[in-house]
Amino acid sequence: MIKIENLSYYYETKKVLNQLSFDIKTGEKVVLLGNNGSGKSTLLRILAGLYFGEGTYLYKEQLLSKKSITKSFRKEVGILFQNPDTMLFNPTVYDEIAFGLREFDMSDIDDRVKAMAEKFQLNTYLQSSPLKLSGGEKQKVMLCAILALEPEFLLLDEPTANMDPKTTGLFVDLLSEMSITTLISTHNISIAYELGDKALVLNENHQLIFDGAIDTLMADKNRLIEGNLLHIHKHKHKDFHHSHYHMHNF
């Protein structure tokens, strides 16, 4: 479905993605890992057709560019930003979920909105302002709005960052039930196994240093260290001090 070759991106003169090459097959669930500033969010925006860098981006074997973006692409590729407030602008939760459905002239809008709200346990908020909801609830509203369009490729930027453990569990369960190609960036490496089977890892030099099975990544200490996913910390146990590697949930 996705093929990236020699992709680089600059903010003014600063390179934030450095010669990335990888592919994502239809139906794959992929986790994007790396420290803050490694370029994860930028990469997701490029794949959503919001930014355009140097290199080649093929979507369904078609070269993607500013001129080739179609309405069909916008419907098929959905992106959820890390901060849901940047995406909310409708007066009610109902209107937020229905907005895209109306834009694409889809049928049974009312049924679709209510079905998605029920799946994400948002029924009681349909007539509420989305701006008054908690961070995790806002994330769920925007995810509902995206999934209501039945996308084929889903891009999620730190989707569990504002979710409590219960909501995170609900999200992971729902995601596992969906047969959608997904690329999810996360700092929470402990749920990486539950979010996907394949991992892409960016290092602090904005390079892709790993592209493969999550099991293989977890067994590669050097790659985890290079990707800033494994760190040394000092610990104190009563009067005993020692240091060892830790893998953290951020």
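## Buried or exposed?

A residue is called buried when its relative accessible area is under 20%, exposed when that area is over 50%, and partly exposed in between, using a 1.4 Å probe and protein chains only. By that rule, Glu76 is buried, as its relative accessible area is 14%. We will meet Glu76 again below, in a salt bridge with Lys60.

## About the model

What you see is a predicted model, where local features need pLDDT of at least 70 and side-chain atom pairs count only at pLDDT 80 or more, while totals for chains, interfaces and linings use all residues. Residues are numbered from 1 along each chain as its sequence is written, and side-chain values use heavy atoms, with hydrogens and water left out.

## The sheet

Let's begin with the strands. Strands (E, at least two residues) and helices (H or I, at least four) are DSSP runs, numbered from the N terminus. Two strands pair if DSSP finds at least two bridges between them. In general, strands of a sheet pair through backbone hydrogen bonds, either parallel or antiparallel.

Here, four strands make an open sheet in the order S2-S1-S4-S5, and the pairing is antiparallel. S2 (14–24) and S5 (62–63) are the edge strands; each has a single partner strand, so one side of each has no neighbour in the sheet. Further in, S1 (residues 2–11) and S4 (residues 54–59) are joined by five bridges in the antiparallel sense. To find this pairing in the structure, look for Glu5, which stands opposite Thr56 in S4.

## Salt bridges

How many salt bridges does the structure hold? There are 13, each one a side-chain nitrogen of Lys or Arg within 4 Å of a carboxyl oxygen of Asp or Glu. One of them brings together the side chains of Lys60 and Glu76, at 3.0 Å from N to O. This pair links distant parts of the chain, 16 residues apart: Lys60 lies in the loop between S4 and S5, and Glu76 in helix H2 (residues 71–76). While Glu76 is buried, Lys60 is partly exposed at 36% relative accessibility.

Another salt bridge joins Lys25 and Asp23, with 3.4 Å from N to O; Asp23 is partly exposed, at 28%. In helix H9 (residues 221–226), Glu226 and Arg223 are three residues apart, so about one helical turn separates them. Their closest N and O atoms are 3.3 Å apart in a salt bridge. Glu226 is partly exposed at 34%, and Arg223 is partly exposed at 28%.
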